[in-house]
Amino acid sequence: MAQGVGDKFQQETKYHPNKLFGPGPDWAARPETLKEYPQAKSFKLPSPKAGARRFLDEVLRERRSVRDYSPKPVTIDQLSFLTWAADGVQREEHGCWFRTAPSAGALYPVETYLVANRVEDLAPGVYHYNVRAHALEMIRQGDFSSQVTLAALGQQMCGDAAVVFVWTAVFQRCRWKYGQRAYRYVYLDAGHIAQNLALAAVALGLGSCQIGALFDDEVNRIIEVDGIEESVLYMTCVGYPSR
Ligand SMILES: Cc1cc2nc3c(=O)[nH]c(=O)nc-3n(C[C@H](O)[C@H](O)[C@H](O)COP(=O)(O)O)c2cc1C
């Protein structure tokens with residue numbers, strides 16, 4: 001019988017019918033469900049409403065992983081639609097900002113960062129997506145195409161794509177309520193977000209590829225998160241297909 005850390009994780013994070021309900025979470029200690037960089041230079045994105053209108057069945061048939069990208073940049077309107085479609089705010093109810101992607105307990109532990117290689121009217125650099133403001137907050141300016149390629153185990157598509165989406169989890173946001181089971185949920189949340197992005201990319205005539213093969217520490221350094229409280233989970237490259 002397999003006894004690796006993954007096998008133990010699967011067993012030890014199971015719910016059991018006789019011990020489902022503990023004392024419940026400490027509401028006073030409930031963490032924020034949003035991260036913002038108030039000191040950063042912020043770029044308001046245009047309204048994502050002027051997005052794509054395609055039939056869902058067509059988009060589902062066309063989606064595939066694209067690994068060869070043309071040098072053509074994406075526009076800021078396209079980037080606006082992509083960020084919103086992936087995990088933007090879709091409605092506000094009872095003071096909670098609900099998103100385009102579902103999230104266990106509406107806790108939204110996943111944060112979105114972008115490594116912008118080629119986006120019209122946006123300096124190359126590393127940005128954080130402020131969901132509430134639908135704005136990009138600049139973390140670092142510069143060309144990070146080589147660094148993000150190396151951080152993805154040398155996968156050149158990360159340097160060639162117009163933009164690389166990087167998703168992290170702020171673990172305590174979900175762990176606060178679900179304990180160790182939260183580690184299942186953060187990856188599920190990220191999967192929903194990535195699929196939203198993949199479909200949105202097709203709808204805009206763009207291509208994308210999911211990236212699970214990455215060096216956590218190297219990606220965390222690029223986006224300047226500590227790797228303990230917050231760490232990368234997943235990435236997606238987006239750009240114009242080369243053919
Ligand atoms: C969790 C996950 C991780 C992946 N990581 C990579 C990756 O690091 N590099 C890559 O080229 N493709 C990666 N892919 C893409 C898969 O290889 C691809 O989805 C699969 O071959 C099916 O092809 P399709 O996406 O064209 O339908 C990943 C996909 C998923 C869902």
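Good morning, colleagues. Please keep in mind that the structure before you is a predicted model.

I begin with the ligand. The residues around it are Arg63, Arg64, Ser65, Arg67, Gln155, Met157, Cys209, Gln210, Ile211, Gly212, Ala213 and Tyr234. By type, this shell divides into five nonpolar, four polar and three charged residues. Which strand gives the most to the shell? That is strand β8, residues 207-211, which supplies three residues.

Let us turn to individual atoms. Gln155 places a polar side-chain atom 2.7 Å from a nitrogen atom of the ligand. In Gln210, a polar backbone atom is 3.3 Å from a ligand nitrogen atom. For Ala213, a backbone N or O atom lies 3.1 Å from an oxygen atom of the ligand. On its own, the ligand has 620 Å² of accessible area, and the protein covers 52% of that.

I now move to strand β7, residues 163-170. Are its residues mostly covered or mostly open? Strand β7 is mostly covered, with eight of its eight residues buried. This holds for both faces: Val163, Phe165, Trp167 and Ala169 are buried on one side, and Val164, Val166, Thr168 and Val170 on the other.

Finally, the partners of β7. Strand β4, residues 110-116, runs antiparallel to β7 and is joined to it by seven bridges. Within this pairing, Ala169 of β7 stands opposite Val110. Strand β9, residues 230-239, also pairs with β7 in the antiparallel sense, over eight bridges. There, Val163 has Val238 of β9 as its bridge partner.

Thank you for your attention.

Note on methods. Residues are numbered from 1 along each chain as its sequence is written. This is a predicted model: local features need pLDDT of at least 70, side-chain atom pairs count only at pLDDT 80 or more; totals for chains, interfaces and linings use all residues. Side-chain values use heavy atoms; hydrogens and water are left out. A residue is near a molecule or strand if one of its heavy atoms lies within 4 Å of it. A polar contact is a pair of N or O atoms within 3.5 Å; within protein, one must be able to donate a hydrogen and the other to accept it, and residues adjacent in sequence count only if both atoms are side-chain atoms. Accessible areas come from the Shrake-Rupley method with a 1.4 Å probe; for residues, only the protein chains shown count as cover. Helices (H or I, at least four residues) and strands (E, at least two) are DSSP runs, numbered from the N terminus. Ala, Val, Leu, Ile, Met, Phe, Trp, Tyr, Cys and Pro count as nonpolar, Asp, Glu, Lys and Arg as charged, and the others, Gly among them, as polar. Buried means under 20% relative accessible area, exposed over 50%, partly exposed in between (1.4 Å probe, protein chains only). Two strands pair if DSSP finds at least two bridges between them.
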